[in-house]
Amino acid sequence: MPVNAARPTPLSVSTVALTLALGTLFLVAPAHAAEGPRDGAGASSDQQGGKDSTGIYAAAGVKYSGAVAKSGGSGNVASSDVNWTPPPCWYAPYLGAKDFKKEMSKNLETAMNGPGMAGTAGSALSEAQRHYESDFGWADTPGYKDYNVDKDGEGMFWASVENPNEPDYLKRTACSELPFWVDNGEAPPPQYEEAITPEMLAALAYQHMELPDTKVTLAPEAITKVNLPTWAWLDGAAFDEVQATAAINVPGFNIEATTTATPKSLTLDPGTEDATTIPANGECPIVDGRIGEPYAKGRADETPPCGIVYGRSSNGGTFPLKASLTWEISWAGTGQAGPVGLPDGTIEAVQDITVQEAQAVNR
């Protein structure tokens, strides 16, 4: 096998991808297959991998199910860890050998015959052609003879997938390695650290998870009085466990992960500094399967387990009471023996509260 002494420089690899991408040629899937990876395959809840009746292997889209955003966009859960992010890109199964040869050889030929393909860009394309056709490889990446067509059905070429919900373009396009072959049942080569894993699917399920809105019940409701304890609680339905699943299912490669969210605590922000929360830190924990207690007649002078006391009126306006429900997040999936923790998630809701001056009573 012809092998170079060293791996091609990042410029060489990225030049090939950039040249093909700018010409809208990079791994364009057949018209009767799913969209190609760089078109965002796997970003919506109704895309999935597999092959159609013609035998064409489709791009390995991520299939979402359960409590996920219907639009295919991000859900309504914010991570409590500002440094935690879902994967901006990844590598996933793309096409079988014969179909990859059909697409890649056509794309390379078109690009190489295009204007301005001399110099570095032309050399990079020629090198990529040799890589797939003539067994040309380098230190940690073997070459392929005739696009591996003699192994068709025994594996797939993997290619990059961009996360369309990642706002940072550089991060979204960071998976810039050339497509590579993976045998069925085998792990991708170790240098491809962004190859899709169940843990990455769990993060994507987290990103797409849609949790129930947080609607806090108050007493008094909407209109309260200065120095009068306002009781706050959540209905029992808010404590249902919520799950979202992300999966990839193509010939020879099947993985999935389910992310589970369980309510943990409620945090109240009165919307003004002239107020006191109960408890003092504003965080109402779950006690005996509920947060707070419903107000009952005759308890107006009692201190609620969860609530607010406003120290001044809203002067004819309102205060924006923000309620943040924190959910404990974990995941389990292919090859994972038990639940693994992820950063807590929160969803917020704002309710307008009118606070009036208490009327003096002469006795």
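K264 is partly exposed, at 37% relative accessibility (buried means under 20% relative accessible area, exposed over 50%, partly exposed in between; 1.4 Å probe, protein chains only). The model is predicted: local features need pLDDT of at least 70, side-chain atom pairs count only at pLDDT 80 or more, and totals for chains, interfaces and linings use all residues. Residues are numbered from 1 along each chain as its sequence is written, and side-chain values use heavy atoms, with hydrogens and water left out.

Ten salt bridges are present in the structure (a side-chain nitrogen of Lys or Arg within 4 Å of a carboxyl oxygen of Asp or Glu). One of them pairs the side chains of K264 and D344, at 2.8 Å from N to O. K264 belongs to strand β10 (residues 253–269) and D344 to strand β16 (residues 340–356), so this contact ties together parts 80 residues apart in sequence. Strands are DSSP runs (E, at least two residues), as are helices (H or I, at least four), numbered from the N terminus. D344 is buried, with 17% relative accessibility.

A salt bridge also joins R312 to D274, with the closest N and O atoms 2.6 Å apart. This pair links distant parts of the chain, 38 residues apart. R312 sits in the loop between β14 (307–310) and β15 (319–333), and D274 in the loop between β10 and β11 (275–278). R312 is partly exposed at 32%. D274 is partly exposed at 38%.

R299 bridges to E293, the closest N and O atoms lying 3.3 Å apart. Shared partners join R290, E293, R299 and E302 into one salt-bridge network. R299 is partly exposed at 22% relative accessibility, and E293 is partly exposed at 24%.
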